[in-house]
Amino acid sequence: MAKARLYQFIGSPFCAKVRKLLEYKGIDFETIEVDYLERKELLAASGQIMVPALTLDSGDTVVDSHSIAMRLEELYPEPTILPSGWSGIHLALEHYIDNEIENALFPVALADEESHYRRQGPDRAAFWRFIRERKYGAGFVDRTVREQSANWGRATQALAPFEATLGERAFLTGRIGLADFALYGQLFYLAFTGELKIPATMPNLRAFFGRMDRMSAVVEPLG
């Protein structure tokens, strides 16, 4: 049977979310790191140029991390990511995390993201900057990097409720679900360089990230 294929950017929190969902459900897959400039293979597979895109072993391709999660739950319902009685909460939390927490963490990760593309060469770094500044305005990248201290203040404030919630439980609602994978994906912004940058003042989130990061098809309990 053919493997599933995940088209990704390594630094994308939404790709990290999908990778962990695939691992949790025990699905055999390979990752295809998409070249930031050359996206022909991704375009051929999915008809568009955004990641994540997942080509299933059936040959069908699904795009967007939420749509991928829902398709995987439909095709591989066990182990579930929508625990009984909590599915609505997980869906609501996923939406909040993928939007509000992403907005809070994206600025603090920007310098690392720029460095990542700079190492790939000046053309990719220039294109990465062009895309960011076309969306957010001229000077956005340099201004955001300069405001790193304030960005961290907003990020830690946004993460504080999750730090408190994870003080007495392994996962956000007690039993692992979709929201945990969304939160793991966003926290990956603070780890994709290989250095874990979740603040030391947030030990519960650091422990949560470690549990999720080590997870495969077997859930590690809170220990």
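A nonpolar core is a set of buried Ala, Val, Leu, Ile, Met, Phe, Trp, Tyr and Cys residues joined through side-chain atoms within 4.5 Å. Buried means under 20% relative accessible area (1.4 Å probe, protein chains only). The model is predicted: local features need pLDDT of at least 70, side-chain atom pairs count only at pLDDT 80 or more, and totals for chains, interfaces and linings use all residues. Residues are numbered from 1 along each chain as its sequence is written, and side-chain values use heavy atoms, without hydrogens or water.

The largest nonpolar core has 66 residues, and L183, L187 and L205 touch the most other members. Helix α4 (residues 87–119) gives the largest share of this core, nine residues. Helices are DSSP runs (H or I, at least four residues), numbered from the N terminus.

L205 is in contact (heavy atoms within 4.5 Å) with L159, F162, E163, L166, L183, L187 and I198, leaving aside neighbours within four places in sequence.

Two helix pairs follow. Axes are lines fitted to C-alpha atoms over the stretch in contact, and angles run from 0 to 180 degrees between N-to-C directions.

| Pair | Axes come within | Crossing angle |
|---|---|---|
| α8 (residues 178–187) and α9 (residues 203–214) | 10 Å | roughly 105° |
| α4 and α7 (residues 148–165) | 7 Å | roughly 150° |

α4 is therefore roughly antiparallel to α7 (over 145 degrees). Among the residues that meet are Y96 and I97 in α4, and W152 and F162 in α7. By class, this contact of α4 with α7 has twelve nonpolar, two polar and one charged residues. Ala, Val, Leu, Ile, Met, Phe, Trp, Tyr, Cys and Pro count as nonpolar, Asp, Glu, Lys and Arg as charged, and the others, Gly among them, as polar.

How values were computed
Buried < 20%, exposed > 50% of the residue type's maximum accessible area, 1.4 Å probe, protein only. Helix = DSSP H or I, 4+ residues; strand = E, 2+ residues; numbered from the N terminus. Parallel < 35°, antiparallel > 145°, perpendicular 65-115°, else oblique.
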